[in-house]
Amino acid sequence: MSLESDIRNITANSGAEMAVSALHLESGQRFDVDAERVYPLCSVLKIPVLVEAFRQIEEGLFTLDDRWQLTTAEKNLPSGILVFFDDGLSPTVRDLLTLMIIISDNTATDMVMHRLGEGSVTRTMHDLGLTDIHVPLTIRELFDDLLPSSDPTQDMLALATGPRNREGVCYSLGPDNDTGTPAALTELLARIWRGETVSRAACDTMLEILLKQQLNDRLPRYLPPGTPCAHKTGTLPGIRNDSGIIYAGESDHVAVTVFSRWDDEAVSDDPIARSEQPIAVDTAFGRIGRLLYDTFSGS
């Protein structure tokens, strides 16, 4: 069987709609399954944000060592930790970008996005020719659409059991939402790896941050211990994404993006089914990651 067929078998048995784009960076071999299909990016949007932040750093608009003060107005609901810290904390830009990527800190993300300027991330993606990537909304704007309240001081238990808006912009597949295709995200990763989005030094720093990822239950799930994977996950109810570069060997790197979605409301009254479906999807991510590793390790 071909690698594409093996990937299709994994996605077909995941219980979700899945799209995959994989690119062996050294040889240029590409393996796509519905890779032009549009999905909400969720927190994978933080990769384009990372690129735009380094572009503006290269322009001299700010530096990695600048410190930006935390305020309640910029706090966001978790994921992340900054929402729980006292106002007045002044992390560096490097700290914020690291938190944004490695633990998907939503407060750090919006602290960065507010300073990048409205529309700047999308413009840069389109300037790179990646016209399928749209990032018009901050994390707070996504939560304002999804939740009855995005107040970061609200009771988290009440939030966990509250309703979600499934008909709003948060699940839209249009440019009014933060959206993209697996093919576009994989190409963005390839350009970071090749040093083509900003400078070589800036791209190397981006990869260093992505390699520190702490949320490793998807693409890296079944990789051999110690295998580097520079990646970023994204999650909403009924959506799970992951996009990154698997370091299969010194001369073998695979850029891969997997996006998934399913009807989680169909099992909303069944707590066992509701918890088992994300595990099945994560397992599919892990099997794809391991398949790519086994295929290209030492190729």
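Me: Which residue has its charged end over the ring of Tyr39?
Reply: The model is a predicted one. In it, the ring of Tyr39 has a charged end sitting over it, 3.9 Å from the ring centre. That charged end belongs to Arg261.

Me: How many aromatic pairs does a search of the whole structure find?
Reply: One of the pairs is formed by Phe31 and Phe296. Over the whole structure, the search finds three.

Me: Is the pair of Phe31 and Phe296 stacked, edge-to-face or tilted?
Reply: The ring centres of Phe31 and Phe296 are 5.9 Å apart, and their planes make an angle of 55°. Planes under 30 degrees apart would count as stacked and those over 60 as edge-to-face. With 55° between the planes, the pair of Phe31 and Phe296 is tilted.

Me: How many residues apart in sequence are the parts that this pair ties together?
Reply: Phe31 belongs to strand E2, residues 30-33. Phe296 belongs to helix H10, residues 271-296, so the pair links parts of the chain whose separation in sequence is 265 residues.

Me: Are Phe31 and Phe296 buried or exposed?
Reply: The cut-off for buried is under 20% relative accessible area. Phe31 has 17%, and Phe296 has 3%. Both values are under the cut-off, so Phe31 and Phe296 are buried.

Me: Which residues make up the uncovered face of E2?
Reply: In a regular strand, side chains alternate between the two faces of the sheet. The covered face of E2 has Phe31 and Val33. The uncovered face has Arg30 and Asp32.

Me: Which residue in E2 is the bridge partner of Ser21?
Reply: Strand E1, residues 17-24, pairs with E2 in the antiparallel sense over four bridges. For Ser21, the bridge partner in E2 is Asp32.

Me: Which residue in the turn between E1 and E2 has a positive phi?
Reply: E1 and E2 form a hairpin, with five residues between the two strands. A phi of about 85° is found in the turn, at Gly28.

Me: What is the radius of gyration of the chain?
Reply: The chain has ten helices and seven strands. For its 299 residues the globule rule gives 19 Å, and the computed value is close to that, so the chain is as compact as a globular protein of that length. The radius of gyration is 18 Å.

Me: What share of the residues of the chain count as buried?
Reply: The accessible surface of the chain is about 12,300 Å², with 50% of it belonging to carbon and sulfur atoms. Of the 299 residues, the share that count as buried is 57%.

Conventions:
Residues are numbered from 1 along each chain as its sequence is written. This is a predicted model: local features need pLDDT of at least 70, side-chain atom pairs count only at pLDDT 80 or more; totals for chains, interfaces and linings use all residues. Side-chain values use heavy atoms; hydrogens and water are left out. Rings of Phe, Tyr and Trp (its six-membered ring) pair if their centres lie within 6.5 Å; planes under 30 degrees apart count as stacked, over 60 as edge-to-face and the rest as tilted. Buried means under 20% relative accessible area, exposed over 50%, partly exposed in between (1.4 Å probe, protein chains only). A charge sits over a ring if NZ of Lys or CZ of Arg is within 6 Å of the ring centre and within 35 degrees of the ring normal. The radius of gyration is taken over C-alpha atoms; the globule rule is 2.2 Å times the number of residues to the power 0.38. Accessible areas come from the Shrake-Rupley method with a 1.4 Å probe; for residues, only the protein chains shown count as cover. Two strands pair if DSSP finds at least two bridges between them.
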